[in-house]
Amino acid sequence: MFARINWRYFDWPLFLVVLLLSSIGVALIYSATRNSPDLVDYWQRQVNFILIGLVVLFFVAMVDYRQLSLLAIPAFLIFVASLVAVYFFGEAQGGSRSWINLGGTLVQPTEAGKFLLIIFLSWYLSWFRDSLHRLPYLLMALLFLLAPLALVYVQPDFGMTITYAFMGGVLILAAGVRYRHLALLGGGALLALPLFAATLQGYMLARLCIFLPTDEEGHIIPPILNLLRAAFDTLPTECIQPEANTAASYNVDQALIAIGNGGLTGLGWTQGTQNQLLFLRVRHTDFIFSVIAEELGMIGASLILLLLLFVVWRVLRIAERAPDQFGKLLATGVAALIFFQIVVNVGMNLKIMPVTGLTLPFISYGGSSLISMMFAIGLAESVAMRHRKIEFF
């Protein structure tokens, strides 16, 4: 599993920017939690998560990624089995049955599942690379993707469902697909939209209603409201009563106020009013971008976004230089995951996307989120370090 390692090919600029972003995250978490007694030590916990994440990153980078293809099938089967176990025996937290109790410890399979799915689909799409122009092989790839998608959707975990769908779609496109097959799949997706809409959970529909166009009184405009009533037997109150809609969108509205407060240069670190006066909830996780914008301003927020996009670009560069199709798809999947979480997190802070619970990579508080992102960078570095044929001791 471990071949001779040439650290000359290690992508140090990528690593240093990831380390810089993680350090900025610690400073912002400190600012976001300093006035909350029950959260005051979260910045110290984040430092510990960074240290653990760095160990994970270097360990994964030293593992020859080509050996992961041997684990693709059993890992995928274990992943799907764990999702089935969650469906029957899982424990609910925050309205979602996404956790399973293992010896007194709650485990969320979907977090690790992001990488198991990337590894498995990368293996399948590279192994059958020459057969993907035939529709049955493409449909099989979609079937492998839809199995975990359905199991995650019924938990329900809408954020992780769309994450899996985006990653899988990007990998299939990157692997190569005929235009007529792409058109066929697009048509099938459109036909499936009514079925998807009919299965939306109440809280999902409520979040979507927040972003629909309204009249001056805050009601959803009649044509769209009539379509919703025709499609659903019952509508959440957020879709009908403006005051309920206001309550549901409270945090998004506070996030917009915080972003507006920041202006061009920001109010200064630890000086944001929406943040320090606790108007902004979950400010250290889902809405940390609002803290960035309020305290560092548009300039600071733009610089951080540029650093995040630099990470995506470096990983895509690794994919372009990968020695084989498996490595190319692994790195592409990592880039897709990071990019998607950036877009969705910033989008929900700006009230242009529904709130899904996806964190801002490397910056938001959370051990599982940060360590999983470090794992992802380790995968990309493993590909970067192996430009040549395997050299054993």
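Author: Helices (H or I, at least four residues) and strands (E, at least two) are DSSP runs, numbered from the N terminus. This is a predicted model, in which local features need pLDDT of at least 70 and side-chain atom pairs count only at pLDDT 80 or more, while totals for chains, interfaces and linings use all residues. Residues are numbered from 1 along each chain as its sequence is written, and side-chain values use heavy atoms, with hydrogens and water left out.

Reader: In which helix is Q274 found?

Author: The run that holds Q274 spans residues 273–276. Q274 is found in helix α12.

Reader: Is Q274 buried or exposed?

Author: Buried means under 20% relative accessible area, exposed over 50%, and partly exposed in between (1.4 Å probe, protein chains only). Because its relative accessibility is 9%, Q274 counts as buried.

Reader: With which side chain does the side chain of Q274 make a polar contact?

Author: Contact means heavy atoms within 4.5 Å. Leaving aside residues up to four places away in sequence, Q274 touches several residues, including I257, N261, F279 and E294. A polar contact is a pair of N or O atoms within 3.5 Å; within protein, one must be able to donate a hydrogen and the other to accept it, and residues adjacent in sequence count only if both atoms are side-chain atoms. At 2.4 Å, the partner of the Q274 side chain is the side chain of Q254.

Reader: Which side chain makes a polar contact with the side chain of S372?

Author: S372 lies in helix α15, residues 367–384, and is buried because its relative accessible area is 7%. Not counting residues up to four places away in sequence, S372 touches K114, F115 and E111. The polar contact, at 3.1 Å, is with the side chain of E111.

Reader: At roughly what angle do the axes of helix α3 and helix α4 cross?

Author: Axes are lines fitted to C-alpha atoms, for helices over the stretch in contact, and angles run from 0 to 180 degrees between N-to-C directions. Helix α3 covers residues 72–89 and helix α4 residues 109–127. Their axes come within 9 Å and cross at roughly 145°.
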